[in-house]
Amino acid sequence: MGLFDFFKKKESNVQEQVELDKSLEKTKEGLFSKITKAVVGKSTVDDDVLDELEEILVNSDVGVQTTLKIIERIQARVARDKYINTSELNEILRAEIQSLLSENNSNDFRNFEYGDHKPYVIMVVGVNGVGKTTTIGKLAHKLKLAGNKVVLGAADTFRAAAVDQLKLWAERVNVRIVAQPMGSDPASVAFDTLQSAVANGDDVAIIDTAGRLHNKVALMNELTKIKQVMQKVVPGAPHEILLVLDASTGQNAIEQCKQFTQATEVNALALTKLDGTAKGGVVIGISDQFKIPVKYIGVGEGIEHLQLFNKKEFVDSLFK
Ligand SMILES: Nc1nc2c(ncn2[C@@H]2O[C@H](COP(=O)(O)OP(=O)(O)OP(=O)(O)O)[C@@H](O)[C@H]2O)c(=O)[nH]1
């Protein structure tokens, strides 16, 4: 990396951290201001503090299972050390949360984990309204800015609006898009997109899919068919099956994750709308429960507001 690039990267890191801090403000308020209240005036962590902590974590959408895990670990620590004060409690909590979050190995849109894959194929799944289209648009933008050639595939052919919205994003970001009329076979769109990506020497192909959950078998069949067809063009595709979830829906996001992981091999998560929600704790619960890395987070409506998730930065931001 040249000196200019180095400083540019540093500057954008600082900006991203500021955005992240801002996004997590409500989650922080919900979580830590309550924890501080629960422990204020107490010299040690007793059962009352632990009970309150449990309630606070559950209410912050960390999820019951993950909360119990955290509480048990703190209890074990209290039993061992007999006395822990409240600032130590914060440190333990921070370490526990960090250890429960899965590591995201992608840390730069420039060397985007392609390995030998060209095109690197991302199949995007998720229900309507969670921010799927927006996430695809932002991702295409970030990848393009980082010097990648990107093509989009509009394989959500179920709703005309979905294709139109994606076309708008393609225009805005200035990347190519492959689309067919509404009602076309999604697998056929995916096939065309990959053929076009190969012919054009694209680095990344991002395929949108319809997010109908009402019939799990139908969803599973549709996604399996899309995958099989893609593999005819790019063996090993899709390299990333990205599930988009709306963090502000809290426990609903966990339920959707359950459903989609049963229907297909999701290996990356995008959590949108972290800004403006107090339910950011859901990132911790989902990461712990499903052991799938959160790869991207949406921190606003703007084109720039997508970040590669970094667990250390996330936890730093929460505990600032
Ligand atoms: N604040 C905020 N809003 C977001 C974020 N991501 C998406 N949105 C908004 O969420 C709304 C839904 O986003 P879409 O991308 O249209 O959602 P979708 O899942 O594709 O849904 P359909 O297009 O209706 O299928 C839009 O108003 C977006 O601007 C985010 O990270 N933060």
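**Notebook: helix pairs, domains and ligand shell**

I started with helix α10 (residues 251-263) and helix α11 (residues 282-290), whose axes come within 10 Å and cross at roughly 25 degrees. That makes α10 roughly parallel to α11. Angles under 35 degrees count as roughly parallel, over 145 as roughly antiparallel, 65 to 115 as roughly perpendicular and the rest as oblique. Axes here are lines fitted to C-alpha atoms, for helices over the stretch in contact, with angles from 0 to 180 degrees between N-to-C directions. Helices (H or I, at least four residues) and strands (E, at least two) are DSSP runs, numbered from the N terminus.

I note that the model is predicted: local features need pLDDT of at least 70, side-chain atom pairs count only at pLDDT 80 or more, and totals for chains, interfaces and linings use all residues. Residue numbers run from 1 along each chain as its sequence is written.

I then listed the α10 and α11 contact. A253, I254, C257 and T261 in α10 meet V282, G285, I286, Q289 and F290 in α11. Contact means C-beta atoms, placed from the backbone, within 7 Å. By class I find six nonpolar, three polar and no charged residues there. Ala, Val, Leu, Ile, Met, Phe, Trp, Tyr, Cys and Pro count as nonpolar, Asp, Glu, Lys and Arg as charged, and the others, Gly among them, as polar.

Next I looked up helix α3 (residues 47-59) and helix α4 (residues 64-81). Their axes come within 9 Å and cross at roughly 155 degrees. The two are therefore roughly antiparallel. From α3, I see L50, L53, E54, L57 and V58 meeting V64, T67, I70, I71, I74 and Q75 of α4. This contact holds eight nonpolar, two polar and one charged residues.

I moved on to the domains. The chain divides into domain 1 (1-103) and domain 2 (120-311), with bounds from an automatic or database domain assignment. Their C-alpha centres lie 29 Å apart. I find 24 residues of domain 1 in contact with 26 of domain 2. On the domain 1 side, α1 (3-23), α2 (25-39), α4 and α5 (86-100) each give two or more residues. That side has eight nonpolar, nine polar and seven charged residues.

Last, I checked the ligand. It is surrounded by 18 residues, the closest being N128, G131, T133, T134 and G298. A residue is near if its C-beta atom, placed from the backbone, lies within 6 Å. Both α6 (132-145) and α7 (160-173) supply at least two shell residues. α6 gives the most, with three. I class the shell as three nonpolar, eleven polar and four charged residues.

Conventions: Two residues are in contact if their C-beta atoms, placed from the backbone, lie within 7 Å.
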